Amino acid sequence: MKKQRKIPLRKCTGCQEMKNKKELIRIVHNEAGEFLLDATGKKAGRGAYICPNLECLEKAKKSKGLERSFKEAVPKEVYEQLAEQLRGEIKNE
């Protein structure tokens, strides 16, 4: 029998649900202090995960989920930028 590989799970900072890492979008806070969307999941820096929908982004904003993950304040522009990119990704599907 073939050994089953473990599926990496991550918790969404919005809905707090554990999901397959590939289903989530990674947000990176790098050494330069920038917040970036990481589609590859390989960029350097501290990462937090969020479901690819606007509801979870709103929940994360309300519950300060990203602030807790990064242990620092997340600027409003970052949330707006993430919302824009999420809207863009939803349209592209």
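A salt bridge here is a side-chain nitrogen of Lys or Arg within 4 Å of a carboxyl oxygen of Asp or Glu. By that rule, the side chains of aspartate 38 and arginine 26 form one, at 2.7 Å from N to O.

## Before you start

This is a predicted model, in which local features need pLDDT of at least 70 and side-chain atom pairs count only at pLDDT 80 or more, while totals for chains, interfaces and linings use all residues. Residues are numbered from 1 along each chain as its sequence is written, and side-chain values use heavy atoms, with hydrogens and water left out.

## The chain as a whole

Let's begin with the overall layout. The chain has three helices and five strands, and along the sequence these follow the pattern β-β-β-β-β-α-α-α. The radius of gyration is 14 Å, close to the 12 Å that the globule rule gives for 93 residues, so the chain is as compact as a globular protein of that length. (The radius is taken over C-alpha atoms, and the globule rule is 2.2 Å times the number of residues to the power 0.38. Helices, H or I with at least four residues, and strands, E with at least two, are DSSP runs numbered from the N terminus.)

Along its principal axes the C-alpha trace spans about 50 × 30 × 25 Å. Of the 93 residues, 34% count as buried; buried means under 20% relative accessible area, exposed over 50%, and partly exposed in between, with a 1.4 Å probe and protein chains only. Residues 24 or more positions apart account for 45% of the contacts with a separation of 6 or more, where contact means heavy atoms within 4.5 Å.

Now back to the opening pair. Strand β3 itself covers residues 25-29.

The backbone oxygen of glycine 45 also lies 3.1 Å from a polar atom of the arginine 26 side chain. Leaving aside neighbours within four places in sequence, arginine 26 is in contact with several residues, including Leu36, Leu37, Gly41, Lys43 and Tyr49.

## The other salt bridges

The structure holds three salt bridges. One joins the side chains of glutamate 17 and lysine 19, at 4.0 Å from N to O. Glutamate 17 counts as partly exposed at 42% relative accessibility, and lysine 19 is partly exposed too, with a relative accessible area of 22%.

Another links glutamate 84 with arginine 87, whose closest N and O atoms are 2.8 Å apart. These two residues are separated by about one helical turn, because they sit three residues apart in helix α3 (residues 76-92). Arginine 87 is partly exposed, at 36% relative accessible area.

## On the surface

The chain exposes about 6800 Å², and carbon and sulfur atoms supply 51% of it. Such areas come from the Shrake-Rupley method with a 1.4 Å probe; for residues, only the protein chains shown count as cover.

Ile7, Leu9 and Met18 form a nonpolar surface patch with about 300 Å² of accessible area together. (Patches are made of residues with over 30% relative accessible area and no salt bridge; like charges are joined within 9 Å, and nonpolar side chains, namely Val, Leu, Ile, Met, Phe, Trp and Tyr, within 5 Å.) Methionine 18 belongs to strand β2, which covers residues 18-20.

Notes: A polar contact is a pair of N or O atoms within 3.5 Å; within protein, one must be able to donate a hydrogen and the other to accept it, and residues adjacent in sequence count only if both atoms are side-chain atoms.
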